[in-house]
Amino acid sequence: MSNGEKTPTGFEPRIVAFFCNWCTYTASDLTGISRLIYAPNVRVIRVMCSGRIDPQFILAALREGADGVLIGGCHPGDCHYQEGNYKALRRFKLLKRFLNRMGVEDERIRLEWIAASEGDKVQKVVNEMTEQVRKLGPLHLAPIATPEAFEHEDKQELVAAGAEGESS
Amino acid sequence: MSGQNGNGKTNGSAPRVGVYVCHCGINIAGKVDCESVAEFARNLPDVVVARDYKFMCSDPGQELIQDDIREHKLNRVVVASCSPLMHENTFRKACADAGLNPFYFQMANIREHVSWVTKEKDEADKKAKALVAAAVHRVRFHSALEKKRVDVHPDVVVVGGGISGIHAALTMANAGKHVYLIEREPTIGGHMAKFDKTFPTLDCSACILTPKMSDVKNHPNITLWSYSEVVNVDGFAGNFKVQVKRKPRYVIEENCIGCLQCVEECVFKNARFDDEFNENLGKRKPIYMPFPQATPPVVLIDPTQCLRFTKGKCASKCAEACEKNAIDFDQKEKIEEVECGAIILSTGFKTFDAERIPQYGYKKYANVYTSLELERLVNAAGPTSGEIKLRNGSTPQSVGIVHCVGSRDQKTNAYCSRVCCMYSLKLAHLVKERTGAEVYNFYIDMRTPGKGYEEFYDRLLEEGNHFIRGRVAEVTDWAMSPEEQGKLVIRVEDTLIGVPRRIPVDMVVLSVGLEAHDDADDVRRMFGISCSKQGWFTERHPKLAPVSTATDGVFLAGACQGPKDIPDCVAQAGAAAAEALALVDKGFVELEPNTASINADLCCGCRTCVSMCPYSAIKVDETQDGEKSIINEALCKGCGTCVAACPSGAISQNLFTDEQIFEEIEGVLSYV
Ligand SMILES: Cc1cc2nc3c(=O)[nH]c(=O)nc-3n(C[C@H](O)[C@H](O)[C@H](O)COP(=O)(O)OP(=O)(O)OC[C@H]3O[C@@H](n4cnc5c(N)ncnc54)[C@H](O)[C@@H]3O)c2cc1C
Ligand code: FES
C-alpha cells in the first residue's frame, strides 16, 4: 500500500533506515522538497557513508524492535569515499545469509543504491518495503540469550554431561 | 534501553539537553503538532527544557536557544526542524556564540523526512517524536570537537572552454587567480563559435566572442590546454589533483604561429575530408586549423587521414614548409598533473541526433538540415561563405523550420530545451533576410521568456513569417499534387484551425534540442558529483545553490547543468567564478572533525582496517605491545569504513561513534 495509507489490520511495521550522507540522505531530502508522500514507517539514521554501517547496527535495530532495516548508499562507482559502498555490500551479503539462518525473512533487510537525484526512488523503495514487511507481520526474533543465561545453560549442560560421565 | 532518568556520557557534568521544535511557518506545523512533540520531548532522558517556536532559524529563534543555554546551563541542544544539510551550521554557530562547543548539537529532520512526505497527521506526529527521541538519545553522548583547518591551493581548474568556461576563467584570472582552462577540442569557443548571429539582439557572435577568446589566450593568469581531457581527479575541496591527458596534435604548440603555410603545402592539394567544425558541410585537409579565429591559433594533424600515419610515408611537404619547425610527427600523448583549490565544470551540451526521429527524414532527404548546420550555412565564415544554398547549389524559395525536435516529446526528451524557439526565430529572420524565401515555423507553443525575447517574436510576426501551430507528423518527398512535385512536404495538423495540412518547401530545418554529452556520466563520476536522469549535472540546491554541487569545491557553469541561453550561461559562469573565488581567497577550508582514531589498547594488529581505507591513511606501527594500527588524521576523510570493519571495536569515528549510533537506534524505536 503506497502513499502512507494505513492498513485496516492494524499492524504497522517500523523500519530503521541507514542512509549515507552524500547520495541517499540527500535523495531523501529531495523526496521531501518534491513533496512526494510515502509510507511513514521508515525512520532514517544518517551516516557519512554506507561503509560505516556496522552489521551490529542492523542487529541492534532488530533487537530494539524494528521489523525491517533498509540500507541506502551511492550507486556503485559513485561512493563519495570511492568504495565504501562495496564494503557495505560485502557485509550486507554476509549478514543477510546469517540472518536468514536465524529465520529473518529476506524482505526485512534491504540494500538499495539511491543517487542524490533519485528522490522518487526513495518513495518507491520505502513504499514497496513497507508493504512487504507489513505482509510478513511483526518480527519475532527467537529470544536472544543473555551472556548470563548462556553461562547458566552451559554450566547446567556441563554439569549434566559431567554427571553422566561420572556415573558411567 | 537507558531508562528515563538520564545516564548519558558526561564530559565532566551530566548532560542537560534543550529541545527546540520548529514550526517552519506551516511547513512543519501544518502536519506535525509541534507543541505535543515538545511536550513529549520534556520526558526524554536528560531533557531540561523543550519548546516549540515558529521559526527556529530566525534571530529570535536562535536567541531562544542561546538564552536557555545560559539560563538553564544547557550543555546539549537538539533542534527538530529541516534537514541538517540545510541548517546544521546555522544552529552549530548559534550554540558556539553562546559559549557551547558546536558539536554538542544534533538536528532532527522533521520537515524533509516528516511533514513534507507524510499523509496522515497522527503518523507525522509519531514519526517526528521518534526522530526527536533519537536525536536526544544520541546528543547525550556527543563530545566537544574542533574543526580542522587546511590551506587551500590558490589555483583553479575550468573544464570546458565554451562561452561559460571562457567567462568563468577570465573572471577569475582578472581577480588574480591562476586558471587552467582544459578544453577537449582543438579550440575553445564551444557552440557559440559556430553561430553567425545571436538572438535576440542579432549581434554578431564572432564579434562578441572572439575578443574574449584572445583574452584567454593572452592572459598572463590563464594556462590554456586545448585538445586535452581530464582523466583523473583526486583530493578534496581546497586541494585537488587533476590529471590531464594532452592529446598529440603533431604540431608543437609553442612554435606554431598559425601562418597556415603547412596547410597550403600539404600533399593533398584539395581539401577532401569532412570538416567537423562546419558540421561536415565543408571539407578540410588532414592538417588544418578548425576555423580562422581558433584559439589557440595552432594547426593540428588528423592521424587517421595524414599519409604519414596511414601509409607510413609522405613527402611531408608541411614539415618542409614550416619555418618554425613546428611539425612533430613523433609527438606522444602526455599526462600532466595540476593542483588546484577549486574546479568549475562547464562542459556544455550536445545537440539532439535528428536521425532518432526517422519520420523527419534527416540524412534521408538531402535538403533536411539541422539548426546547427543552418548556423554554419548562414555564417559568413562557413562553408558557403554565408550563402544559404540547397545541396544542388540553388537558393531555397521556401523553408520550413520544425521546432521541438527532440524536446517536449515523451519518446525522446520530455523537457523543453529553452533556446530552440528563440534560435528558430533568429534563423527564420536570417533566412528571410538573406534569401527572401517564404519561411514557415512549425511550433507547439512559442516560448519566449527573456529580456527582449517576446519583442523579437513580435518583430518576426511583422516581418511576414508564417507560424503554424502543431507538431509536425512527417517530412516526405511523396508529392500528391503538381505543386508538391520535387519538394519536401511537411505534414502537420494545424491545431489553431483543426485541419491537417501539407506544406511543400525546398528546405527543412530541424530545431534540435539540447542534450547532455554521452560521457556526462563518466565525467560527473570523475568529479564526484551527480547528474539527473537526462545527464545534466545536478546543482546542490535548485534555488539557493544553483552553481554549487554536492561536492565542495566543484562548481557548475552553463549548459552542462541544463539547457540555457548565452546570457544565462554567462551569468552562471560569473556566479561559479565568484563561488570558486570565495573558496580560494579565504585561504583555508574547515573540515568536519568526523575523522576516525584507534584505541591502541583494543587494537590487536590484525590489519583489517588497513585494506579498508581508500586513502591509505592507516599504517601499522611496531610498539612494545606488538603491532598496532594508527590513523593519520590528516589523510582521513571520515567515511567510517574502517570503524565498521574493525573486529575488535578498537576504532571510533568522531560524530558517528558506535555509542552515538546505538543510542540513536534505541531512541528511534523505544517510544513510538
Ligand atoms: C542551433 C543553436 C543556436 C543557438 N543560438 C543561440 C543564440 O542565438 N543566442 C543564445 O543566447 N543562445 C543560443 N544557443 C544556446 C547556446 O549555444 C548555449 O547557451 C551556449 O553555447 C552554452 O555554452 P556552454 O559554454 O555552456 O556550452 P558549449 O558551448 O557546449 O561549450 C562547452 C565546451 O566544453 C567542451 N567540453 C565538453 N566536454 C568536455 C570535457 N569532458 N573536457 C573538456 N572539455 C569539454 C566542449 O568541447 C565545448 O568547447 C543556441 C543553441 C543552438 C543549438
Ligand atoms: S558515500 Fe554514499 S555510499 Fe559511500
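This is a predicted model: local features need pLDDT of at least 70, side-chain atom pairs count only at pLDDT 80 or more; totals for chains, interfaces and linings use all residues.
**View 1. Fold of chain A.** Chain A holds five helices and four strands. Along the sequence, the pattern runs β-α-β-α-β-α-β-α-α. Of the contacts in chain A between residues at least 6 apart in sequence, 80% link residues at least 24 apart.

**View 2. Burial and surface of chain A.** Chain A has 168 residues, and 52% of them are buried.

**View 3. Contact between chain A and chain B.** Each chain is represented here: 54 residues from chain A and 54 residues from chain B take part. Together they bury about 4,700 Å², with 57% from carbon and sulfur atoms. Three residues stand out on the chain A side: Arg43(A), Arg52(A) and Tyr81(A). They supply 15% of the area that chain A buries against chain B, more than any other three residues.

View 4. The interface of chain A and chain B has five salt bridges. One of them pairs the side chains of Arg46(A) and Glu88(B), at 3.5 Å from N to O.

**View 5. Elements on the chain A side.** Strands S1 (15-20) and S2 (42-47) of chain A each give two or more residues to the side that touches chain B. So do helices H1 (24-33), H2 (55-63) and H3 (84-101) of chain A. H1(A) gives the largest share, seven residues. By type, this side of chain A has 24 nonpolar, 15 polar and 15 charged residues.

Definitions and conventions:
Residues are numbered from 1 along each chain as its sequence is written. Chains are lettered from A and ligands numbered from 1 in the order in which they are written. Side-chain values use heavy atoms; hydrogens and water are left out. Contact means heavy atoms within 4.5 Å. Buried area is the accessible area (1.4 Å probe) that two parts lose on being put together, summed over both. A salt bridge is a side-chain nitrogen of Lys or Arg within 4 Å of a carboxyl oxygen of Asp or Glu. Ala, Val, Leu, Ile, Met, Phe, Trp, Tyr, Cys and Pro count as nonpolar, Asp, Glu, Lys and Arg as charged, and the others, Gly among them, as polar. Buried means under 20% relative accessible area, exposed over 50%, partly exposed in between (1.4 Å probe, protein chains only).
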